[in-house]
Amino acid sequence: MYLLVINWASVSVQIGQLLLALSLLIILHEFGHYITAKWFGCRVEKFFLFFDPWFALVKKKVGDTVYGIGWLPLGGYVKISGMIDESMDKEAMKQPAKEWEFRSKPAWQRLIIMLGGVIMNVLVAFIVYAFVLMIWGEKKIPAKSLKYGIQVTDSTLYKIGLRSGDKRIAVDGVPVDDFEKTLKKMIVSDEKITIDRNGTTMDISIPEDLLGQLIENKRKGRISLIEPRIPIIAFIVPDTGNAYKAGLRQNDQIIGIDSFRFQFYDEFKHQLPSYKNSQVLVTVLRNKNEVQFKAPVDSEGRLGFIPYGYGDFRQMDSLGWLKLNITRYGFFAAFPAGVKKTGNELAYYLEQFKKILNPKTGGYKGLGGFKAIGSAFPKYWSWESFWTLTAFLSVILAFMNLLPIPALDGGHVMFTLYEMVSGRKPNEKFMNMHR
């Protein structure tokens with residue numbers, strides 16, 4: 001189903017995953033505030049998923065608390081009696097603090113209540129990563145295991161000096177033990193990539209604005225990836241498609257188009273678009289014999305088949321093109337591994353954040369809202385991807401909420417720490433001005 005050149009079915013899947021992930025994380029974050037407030041005897045007036053200006057989709061009062069779902073999906077909140085924020089009645093500030101109000105509690109209790117959401121986000125990341133490692137395992141592809149090296153089709157990566165066929169990648173002198181993280185390591189690096197090209201070791205400088213360039217590519221619809229290089233052998237050839245009707249069969253290895261000869265998928269992919277909406281002479285190897293036939297190329301520069309190993313690391317592993325190591329953790333081993341993974345992802349995000357704050361990197365161009373977050377989810381439903389991304393979003397929410405910005409939890413934490421260190425409580429009118 002396509003409208004305005006948008007695959008609405010795929011977009012709907014991405015939106016569904018985004019809303020489910022955010023809903024879970026918002027509820028659990030706010031529950032962290034809710035349960036600690038209750039623990040210290042505070043009255044919680046409202047507990048809402050999403051904001052509810054003017055009206056709520058659903059709400060019900062149970063005891064002292066109104067639970068509900070708002071209509072504006074920009075977050076959620078708990079309203080704790082006596083908390084000085086934008087929703088507090090100005091007249092209530094003039095009254096003496098009641099024992100069930102937030103402002104009547106000692107500073108250390110208020111600090112724990114304000115950190116409750118962040119603590120819950122960190123715990124969620126620990127637990128989700130632990131179960132991902134138990135169920136699906138930790139997957140790593142040693143960069144040195146790539147039989148044919150890497151495939152480079154992105155102009156930016158080509159411009160800095162990478163080439164298809166390069167092998168044994170190291171970033172800043174450290175060998176890449178997980179091939180899928182090659183680009184991540186390059187983005188946060190400030191120094192060099194070391195590669196093996198035809199038996200010669202070479203160092204390539206990483207430009208300071210690499211992140212900004214990759215972001216610009218994404219905006220233009222060019223996804224920047226470093227992938228394993230693969231031969232072009234037909235795997236799925238629909239018998240109703242033009243490629244099959246022209247003569248292509250499963251296990252055919254395409255070795256030429258017209259007068260061009262090649263061995264790898266990136267070479268084939270580079271040549272094919274120039275034949276859009278025309279016929280092309282295809283040469284294949286079938287049972288060690290060369291076979292030729294004319295085949296139509298569609299308007300998007302495709303023949304209409306899927307090669308072996310295309311986006312499938314397990315299949316590449318079975319064909320001997322790379323080595324996929326999968327480590328599954330037992331119940332007790334998974335939790336410390338989940339803690340370690342949370343720490344690694346937080347460290348990576350902090351490095352990215354530093355890049356964003358430096359104008360020279362161009363990282364600020366990648367700042368985005370729900371659209372940017374939603375595009376990170378796959379266009380098909382995958383529980384493994386969903387939970388992995390949900391855990392990473394939980395890490396991001398924990399970090400962002402700790403920033404000392406008045407409207408966030410970190411603002412409350414900053415004022416409370418000031419009070420604990422100085423022994424003086426900030427003026428309530430001043431605090432209200434900064435909410």
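Reply: Happy to! Two residues are in contact when heavy atoms of theirs lie within 4.5 Å. Let's start with M186: beyond its neighbours within four places in sequence, M186 touches L157, I160, L162, V171, I193, I206, L210 and I226. This is a predicted model, in which local features need pLDDT of at least 70 and side-chain atom pairs count only at pLDDT 80 or more, while totals for chains, interfaces and linings use all residues. Residues are numbered from 1 along each chain as its sequence is written, and side-chain values use heavy atoms, without hydrogens and water.

M186 belongs to the largest nonpolar core, which has 56 residues. Such a core is a set of buried Ala, Val, Leu, Ile, Met, Phe, Trp, Tyr and Cys residues joined through side-chain atoms within 4.5 Å. M186 is among the residues with the most contacts inside this core, together with L157, L162, I254, F268 and L303. A separate second core holds 18 residues, including M120, F353, F392 and L393. Across the 435 residues of the protein, 44% are buried (under 20% relative accessible area with a 1.4 Å probe, protein chains only; exposed is over 50%, partly exposed in between).

A pocket is an open set of points on a 1 Å grid over the protein atoms alone where a 1.4 Å probe fits, with protein on both sides within 12 Å along at least five of seven lines; lining residues have an atom within 4 Å of a point. Here 18 residues form the lining, and K140, K181, K185, N344 and E345 lie nearest the centre. Strand 7 (138–140), helix 5 (182–188) and helix 10 (331–357) each supply two or more lining residues, and helix 10 gives the most, with eight. Helices (H or I, at least four residues) and strands (E, at least two) are DSSP runs numbered from the N terminus. By type, the lining has eleven charged residues (Asp, Glu, Lys, Arg), six nonpolar (Ala, Val, Leu, Ile, Met, Phe, Trp, Tyr, Cys, Pro) and one polar (the others, Gly among them).

How confident is the prediction? The mean pLDDT, the predictor's confidence in each residue from 0 to 100, is 84 for the protein, and 88% of its residues reach 70 or more.
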